[in-house]
Amino acid sequence: MTAAARPGKPAERTCIGCRKRSSPADLLRMTASGGHVLPDPARRAPGRGAHLHPTTECFELAVRRKAFPRAFKVPGPLDVTGLREYVEQRDKQEAVHTAANRPSAAV
């Protein structure tokens with residue numbers, strides 16, 4: 001059943017880090033391929049996907065909880081270095097964007 005078939009219920013996904021539910025637009029979709037976890041910001045990559053808030057805090061929670069193999073239903077550890085770099089870069093961009101939009105402290 002698609003989201004269009006359920007007009008009263010918005011789509012929600014669960015972050016594998018903090019386990020909070022959010023809309024798919026607020027979460028980063030990831031896929032596992034060849035033992036690596038890859039970010040899928042366009043949400044178009046084939047295969048099983050998992051979702052994560054694109055913050056360092058949620059990423060670290062997911063690593064600590066060993067959530068990546070469980071989310072992708074694969075045995076053994078997965079390489080998350082590419083995803084770590086993506087999340088850290090996105091955090092930096094968000095911090096710059098937030099600082100640029102903050103009103104000045106003129107009194």
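Leaving aside neighbours within four places in sequence, which residues is Asp40 in contact with? In this predicted model, the residues in contact with Asp40 are Leu28, Arg29, Met30, Thr31 and Ala45.

**Asp40**

Asp40 is found in the loop between β4 (36-39) and β5. Its relative accessibility is 6%, and Asp40 counts as buried because that value is under 20%. The side chain of Asp40 makes a polar contact of 2.6 Å with the side chain of Arg29. The side chain of Asp40 also reaches the backbone nitrogen of Arg44, at 3.1 Å.

**The nonpolar core**

The largest nonpolar core has 19 residues, and those that touch the most other members are Ile16, Met30, Val37, Leu52, Phe68 and Leu83. At least two core residues come from each of β3 (28-33), β5 (49-52), α1 (56-64), α2 (67-72) and α3 (81-101). The largest share, four residues, is supplied by α2.

Not counting residues up to four places away in sequence, Ile16 touches Met30, Ala50, His51, Leu52, Ala62, Arg65, Ala67, Phe68 and Ala71.

**The aromatic pair**

One aromatic pair is found in a search of the whole structure. Phe59 and Phe68 form this pair, which is tilted, with 5.9 Å from centre to centre and 50° between the planes.

| Residue | Relative accessible area |
|---|---|
| Asp40 | 6% |

Methods:
Residues numbered from 1 in each chain as written. Predicted model: local features only at pLDDT ≥ 70, side-chain atom pairs only at ≥ 80, totals over all residues. Heavy atoms only, no water. Core = buried A, V, L, I, M, F, W, Y, C linked by side-chain atoms within 4.5 Å. Buried < 20%, exposed > 50% of the residue type's maximum accessible area, 1.4 Å probe, protein only. Contact = heavy atoms within 4.5 Å. Phe/Tyr/Trp six-rings, centres within 6.5 Å; stacked < 30°, edge-to-face > 60°. Polar contact = N/O pair within 3.5 Å; in protein donor to acceptor, adjacent residues only side chain to side chain.
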